[in-house]
Amino acid sequence: MSDLDPRSVGAAVAQRAGFLEPLILKAGKTLASYELVYETYGKLNADRSNAILVCHALSGSHHVAGFYADDPKKVGWWDNLIGPGKAIDTDRFFVIGVNNIGGCHGSTGPASIDRATGKPYGAAFPVVTVEDWVVSQARLMDRLGITKLAGAIGGSLGGMQALQWTLTFPDRIGHAFVIAAAPRLSTQNIAFNDVARQAIVSDPDFHGGNFYAHKAVPARGLKLARMLGHITYLSEDMLMEKFGRVLKRSELGFNYDVEFEIESYLRYQGDKFAQVFDANTYLLMTKALDYFDPAKESGGNLARALSAARAGFFVASFKSDWRFPPQRSRELVKALVASKKAVTYAEIDAPHGHDAFLLDDARYHQLIAAYVDNIATEIGVGDRAAPLQLAKGEIEEMSAYASERGGA
Amino acid sequence: MQRYDYDLIASWIPERSRVLDLGCGDGVLMAGLAATNAAVGYGIEIDDGNVLASVKNGVNVLQTDIESGLASFEDNSFDFVILSQTLQAMRNAESVLNEMLRVGREGIVTFPNFGYWRHRLDILRGRMPESKALPYKWYDTPNIHLCTVKDFEDLCVTVGAEILDERVLHEGRTVSILPNLLGSLGVFRFRRKP
């Protein structure tokens, strides 16, 4: 990717906003002050109506599109969707990516210095929820002069935030894209999250969450958490197709070294992740997932919980996603219909499992593009300058791994 | 394909009705009803290309299989449930009709009339019918449950539907003489017998 790529937003610049107004959290605690890092792409129009907020999932960040001038390989995690002429067309829309509170990409989180103590928060960092994030995101929108979002989009945990926007701020959002998400986690999903958390907290280097003071990193626990998560984000068919039962060496070793390609792949992914991600953030993100349950305050009646929403909804799921399967999206759609909301639902036949929401799939991106074009018409920002060009030839993570290792 | 049934359907639907269009195709009917009748509601469609076309036409489309997906709709949650030229492709036409009666206050079904004289003539000649209304080869057709106007009247009795309006069209015109012979498109409006 380079400056010459007409379909890239180009070099992105992370910005920082400080908030001195305390944030009262759902947990009952208060964050006295906090900072959010964010990036923006495209231009906010005169009537400030063309903003689309991108909400990240468990391991995402504010770096959604483009690349960094000093690190051109660091391409935004949703760059295949966002850019000039892409599905979310930055020629017409002002797109905002923000790192959530509790994250580890620059916004105030467990590794940040607590002004009260002069030390990293560590275990003292409060558990934050999807609702808390949405409030903090709205304050950032205030700062940017955006009264109402044209839309908010996210996959997985990000989709939950887009959904929550329609409930917390029904008048401040036009459309919510809730992709590969669920109105609340299943028992199985909470179970997976807890195994991941146990892997982290049982690592001796975790030190009860205060590992910064010990100059330690619970890398083994975080690696295991990521390996487990990664398996659940991919479909069985995909794993089979990519790795099969291929061995690293020609014969069985009859020992416990790395033997199968899949073992090598997962360990590599786990190690890579543990080097860059914060263990406390991982714990916090999984808790935010577990706690999300907008129907809870309506006695479990999701349709009633959604009645406050005024946005239009674009809901999508992927047939091969078994972590957030279509059935969970259908529950949301059923409640939205019962609540008489405007909703479009697509069930996309992509083979990649949960990760499909991040990947480049023509059917999926065409649908988002068509829906975004309708929003453009609604808010009067005109037609596409050129016909939609679908991303092609983008390197998927697994193929990248394969090439790094000289072929799978 | 020219959809001669759309104008008639639109004439039956009062303003601001809640409408569910089963097998909405490219969404043109729903988009039209929204524009001219201020109708609100959803199109149901299974095909990827049609779902995209419906979104492009500004229709709230839900990608669901009609034959398994209607269970998620509540009783009497729509004023009209429309099944336009789709009944003949349903595996279980009877249960779809029952679901329509459950979900909607009224149902509208349109279908190619197998009793149309050209179809009968083809059969007399010893061939499976092919026409503008049935533009498929017998071995490559989505249509698995074809019926005549009289057959559909019988099915309405079987499922306890009261027919409120019944027209047989040919190329947009209502056929009043020998409709089951001279008309190629059956259009029925019905409700559950009170």
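How many nonpolar, polar and charged residues does the lining of the second largest pocket have, by class? The lining has 15 nonpolar, nine polar and seven charged residues, where Ala, Val, Leu, Ile, Met, Phe, Trp, Tyr, Cys and Pro count as nonpolar, Asp, Glu, Lys and Arg as charged, and the others, Gly among them, as polar.

The model is predicted, and local features need pLDDT of at least 70, side-chain atom pairs count only at pLDDT 80 or more, and totals for chains, interfaces and linings use all residues. Residues are numbered from 1 along each chain as its sequence is written, chains are lettered from A in the order in which they are written, and side-chain values use heavy atoms, without hydrogens and water.

Select Gly23(B), Glu45(B), Asn50(B), Gln85(B) and Thr86(B), the closest to the pocket centre among its 31 lining residues. A pocket is an open set of points on a 1 Å grid over the protein atoms alone, with protein on both sides within 12 Å along at least five of seven lines; lining residues have an atom within 4 Å of a point. The volume of this pocket is about 660 Å³.

**The cavities**

Select its lining residues, including Leu58(A), Phe192(A), Tyr282(A) and Arg323(A). Seven of the lining residues are nonpolar, three polar and one charged.

Finally, select Lys334(A), Val337(A), Ala338(A), Ser72(B), Phe73(B), Glu74(B) and Ser77(B), which line the second largest cavity. That cavity holds about 40 Å³ of space, and its lining has three nonpolar, two polar and two charged residues.

How values were computed: On a 1 Å grid over the protein atoms alone, a cavity is a set of points where a 1.4 Å probe fits but cannot get out, and a pocket is an open set with protein on both sides within 12 Å along at least five of seven lines; lining residues have an atom within 4 Å of a point. Grid points are joined across faces, edges and corners, and a volume is the space filled by probe spheres set on the points.
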